[in-house]
Amino acid sequence: MRKSLAFIMMLMVTLCAFAKGPNYKRIAEEAEIVNKACPIKLDDYTVLNNVTADKDTIVYNYTVTGINKTQFEVLVPQIRVAALVQVKNNEAARKDLLKIGARAEYYYYDADGELLGNFAIENEEWK
């Protein structure tokens, strides 16, 4: 899961690196580029299905196997903290996300497409 989070943060930097001010169109274009490579197997349990962008929101959609909803719900706080720490430890990504006012939403589904859990990170949390 840690490798997954590192990869996600790399994608987030890619999505935001070219954004200037409220130029959300560039974020959407970068999301399209990432989506051409999707699905991306991040580890034995996690696949990034796609990334979408809607103005200031970057949405990550994953499939997770080998875990049920109850087990996943226990992990959500840890995954959320890890995602936030990854951005805070990457000064370039943090500055870009703050500059454009971006927020992120993460959705995790099981192999049958049922939602296991989700969370969001608001822009002010990256300060």
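Two strands count as paired here if DSSP finds at least two bridges between them, and the strands (E, at least two residues) and helices (H or I, at least four) are DSSP runs numbered from the N terminus. You're looking at a predicted model, where local features need pLDDT of at least 70 and side-chain atom pairs count only at pLDDT 80 or more, while totals for chains, interfaces and linings use all residues. Residues are numbered from 1 along each chain as its sequence is written, and side-chain values use heavy atoms, with hydrogens and water left out.

Follow the sequence and you get the pattern α-α-β-β-β-α-α-β-β. Of the 127 residues in the chain, 42% are buried, with buried meaning under 20% relative accessible area, exposed over 50% and partly exposed in between (1.4 Å probe, protein chains only). Take the contacts (heavy atoms within 4.5 Å) with a separation of 6 or more: 56% of them are between residues 24 or more positions apart.

**The sheet: five strands in the order β1-β2-β3-β4-β5.** It's an open sheet with mixed pairing. β1 (40–41) and β5 (115–121) stand at the edges with a single partner strand each, so one side of each has no neighbour in the sheet. β2 (residues 46–54) and β3 (residues 57–64) run antiparallel and are joined by eight bridges. Next along, β3 and β4 are parallel, with seven bridges, and then β4 and β5 go back to antiparallel, with six. Helix α3 (residues 69–88) lies across β3, β4 (103–109) and β5, and runs at about 20° to β5; that angle is taken between N-to-C directions, on a scale from 0 to 180 degrees, using lines fitted to C-alpha atoms (for helices, over the stretch in contact).

**Strand β3, with eight of its eight residues buried.** In a regular strand, side chains alternate between the two faces of the sheet. Here Thr57, Val59, Asn61 and Thr63 point one way, and Ile58, Tyr60, Tyr62 and Val64 point the other. Over in β4, tyrosine 108 is the bridge partner of tyrosine 62.

**The aromatic cluster, where ring pairs link Tyr60, Tyr62, Phe72, Tyr106, Tyr108 and Phe119.** Rings of Phe, Tyr and Trp (its six-membered ring) pair if their centres lie within 6.5 Å; planes under 30 degrees apart are stacked, over 60 edge-to-face, and the rest tilted. That rule gives six aromatic pairs. Tyrosine 62 and tyrosine 108 have ring centres 4.6 Å apart and planes at 10°, so this pair is stacked. The two tyrosines sit in β3 and β4, 46 residues apart in the chain, and both are buried. Tyrosine 108 also pairs with phenylalanine 119: centres 6.2 Å apart and planes at 20°, so that pair is stacked too. This second pair links β4 to β5 across 11 residues of chain, and again both partners are buried.

**The largest nonpolar core, with 28 residues.** A nonpolar core is a set of buried Ala, Val, Leu, Ile, Met, Phe, Trp, Tyr and Cys residues joined through side-chain atoms within 4.5 Å. Leu48, Tyr60, Tyr106, Tyr108, Phe119 and Trp126 have the most contacts inside this one. Two or more residues come from each of α2 (24–37), β2, β3, α3, α4 (91–100), β4 and β5. α3 gives the most, with six.

**The two hairpins, with positive phi values at lysine 55 and glycine 113.** Two residues lie between the strands in the β2 and β3 hairpin. Lysine 55, in that loop, isn't a glycine, yet it has a positive phi of about 55°. Is lysine 55 buried or exposed? Exposed, with a relative accessible area of 60%. The β4 and β5 hairpin has five residues between its strands, and glycine 113 there takes a positive phi near 85°.

**The cis peptide bond between cysteine 38 and proline 39.** Most residues other than glycine have a negative phi, and most peptide bonds are trans. This bond has an omega of about 5°. Look for proline 39 in the loop between α2 and β1.
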